[in-house]
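Here are a few notes to read alongside the model. Have a look at it first, then go through the points in order.

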Amino acid sequence: MNGAELYDDPSFLNSYRELRRTGQGINDALEIPAMNAALAGLLMDGLRVVDLGCGEGGLAVRLAAGGAEVVAVDASERMLAAAERHPRVRYVRADLADFNLPAGSAELVVSSMALHYVEDFEGLVARVAGWLTLGGAFVFTIEHPVMTAPMVAGDCVVDDYADEGRRERTWFVDRVVKYHRTIGSMVATLRRHGFRLELVDEPLPTPEQVAAQPHLAIHRRRPPILLVSACSGPSGDHDAGEPLELPTGNIG
């Protein structure tokens with residue numbers, strides 16, 4: 001199952017929500033604090049943001065609470081139906097494979113643990129580069145490549161790291177489709193499209209976190225998340241003050 005099918009599957013979605021409810025995942029302990037820290041110096045009132053793969057809107061609402069105007073995009077009908085509403089968040093149901101916006105539409109594009117479901121990373125980066133105004137930022141977290149590469153069963157030994165492409169995993173349900181690419185490949189793609197790297201990080205639990213939450217211990221053996229923050233190059237003659245033109249599919 002791909003990303004949209006996966007998060008609309010009732011069996012998967014119930015298990016995923018239980019994981020988040022009980023705090024047994026990596027989101028609350030690692031990903032959210034790391035993303036908040038990476039975005040802290042970028043937020044300002046009226047900042048135009050696009051959130052790719054927004055899910056139930058947690059990141060979008062946090063940004064809106066900080067004064068941003070957010071277009072939050074996801075392909076999952078069930079996730080968007082449950083998304084938290086905020087007057088400065090506009091939700092759009094669309095597949096990231098073909099979602100597009102006019103040039104210079106945003107000062108910030110973000111994505112939280114979603115881009116490993118995207119097959120054409122190069123094409124997405126090219127579109128993001130066009131949406132951003134000069135000096136705009138692209139900040140995203142993604143499942144770390146040591147996690148999307150095949151691993152020896154029952155261990156943390158990474159295998160076939162250099163072979164990029166489609167992977168199928170069992171995660172609550174069978175045949176979950178993700179796309180593996182190396183860190184070097186992602187960095188090279190960003191640079192080809194005019195991005196300047198500001199931060200590359202691998203959020204890890206501290207010994208104190210592991211003592212309090214023993215299920216996090218495995219994440220000190222190998223990093224579960226890659227965080228990247230990059231600034232855009234020139235993006236054309238678009239007036240940064242023009243309103244954002246949304247594609248069809250807007251749901252509120």
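1. Start with helix α6: its buried residues pack against β1 (48-52), β4 (106-112), β5 (132-143) and α8 (183-192). Packing here is contact, meaning heavy atoms within 4.5 Å. Helices (H or I, at least four residues) and strands (E, at least two) are DSSP runs, numbered from the N terminus.

2. A quick word on the basis: this is a predicted model, where local features need pLDDT of at least 70 and side-chain atom pairs count only at pLDDT 80 or more, while totals for chains, interfaces and linings use all residues. Residues are numbered from 1 along each chain as its sequence is written, and side-chain values use heavy atoms, leaving out hydrogens and water.

3. Why call α6 largely enclosed by the rest of the structure? Because 8 of its 11 residues (121-131) are buried, among them Phe121, Leu124 and Trp131. Buried means under 20% relative accessible area, exposed over 50%, and partly exposed in between (1.4 Å probe, protein chains only).

4. The whole structure has 9 salt bridges, each a side-chain nitrogen of Lys or Arg within 4 Å of a carboxyl oxygen of Asp or Glu. One of them joins Glu143 and Lys178, with the closest N and O atoms 2.5 Å apart. Glu143 sits in strand β5 and Lys178 in strand β7 (residues 173-180), so this pair ties together parts 35 residues apart in sequence. Glu143 is buried at 14%, and Lys178 is buried at 7%.

5. Now look at helix α2, where Glu18 and Arg21 lie 3 residues apart, about one turn. Their salt bridge has its closest N and O atoms 2.7 Å apart. Glu18 is partly exposed at 37%, whereas Arg21 is exposed at 61%.
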